[in-house]
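The sequence and structure come next, followed by the findings.

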Amino acid sequence: NPDETRRLRALWALHVTGGLDDNLLLTQLSSKSEYLRAWAIQLACEDRHPGDTLLSKIHQMAAADESAIVRRYLASAAGRLDAGKRKDLLVSLAARKEDANDLNIPQLIWYAAESPVARDHAAAKELLCASEIPMVSRNIGRRLSEDGDPAGVSTLVRALAETFSPEKSADIIEGMNPVSYTHLTLPTNRE
C-alpha cells in the first residue's frame with residue numbers, strides 16, 4: 001500500500017501478532033519512508049536480540065542514514081542492545097557531527113554509552129576519539145575522571161594525547177570532574 005500510515009499500522013499489527021520476521025524488518029530498514037525505517041529499528045531491537053543481518057544493516061544506517069528521526073531511533077535502540085553489540089553503533093552515531101545540536105540524539109547516545117564507558121576503557125577511548133558531539137565528549141571525560149580511578153584517568157590522558165582539535169580537547173577537559181582534581185595523581189609516561 002502506498003499510504004505510509006497504513007504500512008505503519010500493518011507493521012505494528014504484524015509485530016503484536018508475532019508475524020513480523022527478520023526478512024520483513026530488513027525490507028523496512030531500506031524503505032524510503034523514514035518513519036518505517038525508524039519503526040523497523042524500534043521493533044527489531046525491542047527484544048534486545050536482533051539477528052546478525054539486522055544488526056549489520058542497523059550499523060550501516062548509523063553511519064549513513066540522512067534522517068535525524070532514524071538516527072534518534074538508532075540511538076535509542078543502542079541502549080537496548082547488549083554492551084558488546086552497541087559499541088560500533090555508538091561510535092558511528094557519535095561521529096555524526098550534524099547531530100551535535102540535536103536536543104535528543106546526544107543524550108540518547110550518552111545514555112547508551114555511559115555503562116560501557118565505565119566498564120571498558122578501551123571502548124571509551126575509541127568512542128571518545130570518534131566523537132564529534134561535544135556533549136558526548138564532555139560526558140566521557142567526566143565519567144572517566146569522576147571517581148579518581150587511575151585506569152580511567154590514564155585512558156583519558158592517552159586520549160588527550162591524540163591529535164584532537166583545541167575545541168575537542170577543551171570539551172573533554174571541561175567534562176572532567178573538578179572535585180577529582182584534588183586527589184588525582186596523573187599517570188606518568190613510562191614508555
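## Cysteines and charged pairs

Across the whole structure, a search finds zero disulfides, a disulfide being a pair of cysteine sulfur atoms within 2.5 Å. C45 is buried at a relative accessible area of 0%, whereas C129 is partly exposed at 30%; buried means under 20% relative accessible area, exposed over 50%, and partly exposed in between, with a 1.4 Å probe and protein chains only.

This is a predicted model, in which local features need pLDDT of at least 70 and side-chain atom pairs count only at pLDDT 80 or more, while totals for chains, interfaces and linings use all residues. Residues are numbered from 1 along each chain as its sequence is written, and side-chain values use heavy atoms, with hydrogens and water left out.

The whole structure holds twelve salt bridges, each a side-chain nitrogen of Lys or Arg within 4 Å of a carboxyl oxygen of Asp or Glu. Among them are these:

| Pair | N to O distance |
|---|---|
| R37 and D65 | 2.9 Å |
| K87 and D88 | 3.6 Å |
| E174 and R138 | 3.9 Å |

Both R37 and D65 are buried. By contrast, K87 is partly exposed at 27%, D88 is partly exposed at 41%, and E174 is exposed at 54%.

R86 is buried yet has no salt bridge, the nearest side chain of opposite charge, D82, being 6.6 Å away. A polar atom of the R86 side chain lies 3.3 Å from the backbone oxygen of G79.

Note on methods:
Lys and Arg count as positive and Asp and Glu as negative; His and the chain ends are not counted. A polar contact is a pair of N or O atoms within 3.5 Å; within protein, one must be able to donate a hydrogen and the other to accept it, and residues adjacent in sequence count only if both atoms are side-chain atoms.
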